[in-house]
Every structure is written in structure tokens, then in C-alpha cells.
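Here are a few notes to read alongside the model. Keep the structure open and follow the points in order.

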Amino acid sequence: MPKYDMTDEEKQKYGTVHNMFVQLLEEGLKKLTPPGQEERYRKQMEYEKYIIESTANVDYLLVQYDTCNWARRNNILVGCGRGSAAGSLLLYLLGVTLIDPI
């Protein structure tokens, strides 16, 4: 899998790919978590984040994030899921999938 190539704007805003990943997840968590469910969503997010980080797949998720969000901004239809990762809270928080897996 290729490495995620940060734009100059992303480098300035986030610094590193890992920081970008973590900050995007935090933004998604704030925006998409139903009231009263914060602890449940954070626990699931931290579990999935541990798996993704420990298997060196952060770049893969950011490529998915970039591709799907670019397509949507440019009026290109994108399916609601991403294969076996369709149940991933991380992809939902990143805006890759649009259906809350929880």
C-alpha cells in the first residue's frame, strides 16, 4: 500500500500523517457520536485505532478517506461501504462510510 501523501496544507495543519489520522478521528467522534454514547464510541474507536496502528494501516485508511471524500466533493457517487471494513467505526468517523456501524 502506498504511503499517504500529505498536501502542504495538511502538513501545516497536522504535522504528521499519524497526527492527521488521530485529529480527524477526534473531529469525527465529536461530530458523529450520539448524545450520551460518548464512552461507548470512544472505547470502540480506541480499540479499532490500536488495531490499525499496530498493523501499520494508518496510511491505508487515509488513502480511503482522501479518495472517498474527494469523490463526494466532486459529485462522484461512492458506495456506502468499503468491503470488509464497512463495519469499522474509524471509517465512519473519517467519513469514508456513511452508516454508523454501532
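Predicted model: local features only at pLDDT ≥ 70, side-chain atom pairs only at ≥ 80, totals over all residues.

1. Let's begin with helix α2, which covers residues 17–32. How far apart are its end C-alpha atoms? They are 22 Å apart. With 16 residues at 1.5 Å a residue, the helix should span 22 Å, so the two values agree.

2. Now look at which residues of α2 are tucked away: Val-17, Met-20, Phe-21, Leu-24, Leu-25, Gly-28 and Leu-29 are buried. If you look down the axis of α2, these buried residues fall within an arc of 165°, so they line one face of the helix.

3. What covers those buried residues of α2? The cover includes α1 (8–14), α3, α4 (58–73) and α5 (89–93).

4. Gln-37 and Ile-52 are 15 residues apart along the chain, and their C-alpha atoms are separated by 22 Å.

5. Next comes helix α3, residues 38–54, which is where you'll find Tyr-50. Is Tyr-50 buried or exposed? Tyr-50 counts as exposed, because its relative accessibility is 54% and the cut-off for exposed is over 50%.

6. Tyr-50 also has a part in a surface feature: together with Tyr-47 and Ile-51, Tyr-50 makes a nonpolar surface patch of about 350 Å².

Key:
Residues numbered from 1 in each chain as written. Heavy atoms only, no water. Patch = residues over 30% accessible without salt bridge, like charges linked within 9 Å, V, L, I, M, F, W, Y side chains within 5 Å. Areas by Shrake-Rupley, 256 points an atom, 1.4 Å probe, with all protein chains shown as cover. Salt bridge = Lys/Arg side-chain N within 4 Å of Asp/Glu carboxyl O. Helix = DSSP H or I, 4+ residues; strand = E, 2+ residues; numbered from the N terminus. Buried < 20%, exposed > 50% of the residue type's maximum accessible area, 1.4 Å probe, protein only. Expected span 1.5 Å × (residues − 1). Arc of directions from axis to C-beta. Contact = heavy atoms within 4.5 Å.
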